Amino acid sequence: MNEMAMTVRGAVEIEEAQTDILSAFAAFLRLNVAQGDASEETIRSYHANAGQFVGWCWDQGLDPAAANEGDLERYRAALVAEGYQRGTIAVKLSVVRRLYQAALWRGLRTDNPAAGLKAPKERSDRSERVKFLPLAGFQQLLSSPDGTTVRGKRDRAILALLGFHGLRVSEVAGLEIANLHLGESPRITVTGKGGKTRQVYLIATTRRILEAWLAVRPAGLHHQRVFVALDNRSAGGPLSDRSIRYMVDGHLGALGLKEDGISCHSLRHSFATWSLAGGAKLESIQDALGHDSIETTQIYAKVVDRMRENPTLYLERLITA
């Protein structure tokens, strides 16, 4: 067999191996992620990250079903070199571990070479990685959509829940009409990570913005999601996490607030940071965010303390006295 034929044959074999391992992965996800009840967005994210790894293997001339620990360490190094943050790398490597669990499950491998693979250690304090909007920009963003249009009313309601109340994108996307209690003591029932529910109490502003959206929300829908798509292709269908992120990024960009690290999730960080700076109790913020541990919420206390106790402020007082 000549060299070209061997190269073609090798490429075909790798492509077939990729198909086998991704097929096993798809079946594994349907049955094993979130007890077989994972959201479409979660499944898409898993597939995208698995596809990225398999594509990298293809570029390296590797059969992903036969990759070893050294290959996976090189993949981790490639992610670092591309500038991914540690948290993102951790998610991507977690998916690779799941990929090889699926390969084990389908008998494509006898071991999991990614079992001990971890993201590189962080070189900075976690609080240093909290990205939040300046207060003026935060206020601008929340009032950015045109409140006279149907789309603007919807987007304002989404931004109010993300910004005024610190909800996760998935929590907003999954909110149903039955979760809204807009009478006396207005509140919403939110389903967070692990299927845990919590009550989030609304301020008068959020209640008013939600009611404005509900008044124009398309009638006759066969589902009960609060937020729906308005574009022609998927009008009336539930609004996805991805669409919400795209909408928020659009408003951030239009206001000149979109920069490295500032994203949809930054509204959650902004809520926690500025409510704490304004005098809210840390325990109350923990409850609102749905954190299991107060230690998770304490990162915001570090951020606020750093702002309040900036040593340069004391120096400035001495100089200008």
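This is a predicted model: local features need pLDDT of at least 70, side-chain atom pairs count only at pLDDT 80 or more; totals for chains, interfaces and linings use all residues.

Trainee: Why is the pair of Trp56 and Tyr75 called tilted?

Mentor: The centres of the two rings are 5.2 Å apart, and the limit for a pair is 6.5 Å. Their planes stand at 55°. Stacked needs under 30 degrees and edge-to-face needs over 60, so the Trp56 and Tyr75 pair is tilted.

Trainee: What makes this a link between distant parts of the chain?

Mentor: Trp56 belongs to helix 2 (residues 40–59) and Tyr75 to helix 3 (residues 69–81), 19 residues apart. Ring pairs also join Phe53, Trp56, Tyr75 and Tyr100 into a cluster.

Trainee: How do you know whether Trp56 is buried or exposed?

Mentor: Buried means under 20% relative accessible area. Trp56 has 11%, so Trp56 is buried. Tyr75 has 1%, so Tyr75 counts as buried too.

Trainee: And what are the pair type and the ring positions for Phe132 and Trp274?

Mentor: Their centres are 5.8 Å apart and their planes are at 80°. Edge-to-face starts over 60 degrees, so that is the name for the pair of Phe132 and Trp274. Phe132 lies in the loop between helix 4 (86–105) and helix 5 (135–142), while Trp274 is in helix 10 (residues 266–277), 142 residues apart.

Trainee: Which residues does His269 touch, and where is it found?

Mentor: His269 is in helix 10. Leaving out residues up to four places away in sequence, His269 touches Val130, Lys131, Phe132 and Tyr300. At 14% relative accessible area, His269 is buried.

Trainee: What makes the charged end of Arg317 count as sitting over the ring of Tyr314?

Mentor: It has to be within 6 Å of the ring centre and within 35 degrees of the ring normal. The charged end of Arg317 is 4.8 Å from the centre of the Tyr314 ring and sits over that ring.

Trainee: Now the sheet. How many strands does it have, and in what order?

Mentor: Three, in the order 1-2-3, with antiparallel pairing in an open sheet.

Trainee: Why are strand 1 and strand 3 the edge strands?

Mentor: Strand 1 (180–181) and strand 3 (197–201) each pair on one side only. Strand 2 (residues 187–191) pairs with strand 3 over five bridges, and two bridges are enough for a pair. Arg187 stands opposite Tyr201, and Thr191 opposite Thr197. In the hairpin of these strands, with five residues between them, Gly194 has a positive phi near 70°.

Trainee: Which side chains of strand 3 are buried?

Mentor: Arg198 and Val200, which point to one face.

Trainee: Finally, how do helix 11 and helix 12 cross?

Mentor: The axes of helix 11 (residues 282–289) and helix 12 (residues 294–308) come within 9 Å and cross at roughly 115°. The crossing of helix 11 and helix 12 is right-handed. Among the residues that meet there are Leu282 and Ile285 in helix 11, and Ile294 and Tyr300 in helix 12.

Technical notes: Residues are numbered from 1 along each chain as its sequence is written. Side-chain values use heavy atoms; hydrogens and water are left out. Rings of Phe, Tyr and Trp (its six-membered ring) pair if their centres lie within 6.5 Å; planes under 30 degrees apart count as stacked, over 60 as edge-to-face and the rest as tilted. Helices (H or I, at least four residues) and strands (E, at least two) are DSSP runs, numbered from the N terminus. Buried means under 20% relative accessible area, exposed over 50%, partly exposed in between (1.4 Å probe, protein chains only). Axes are lines fitted to C-alpha atoms, for helices over the stretch in contact, and angles run from 0 to 180 degrees between N-to-C directions. A crossing is left-handed if the near helix is turned anticlockwise from the far one by less than a right angle, and right-handed if clockwise. Contact means heavy atoms within 4.5 Å.
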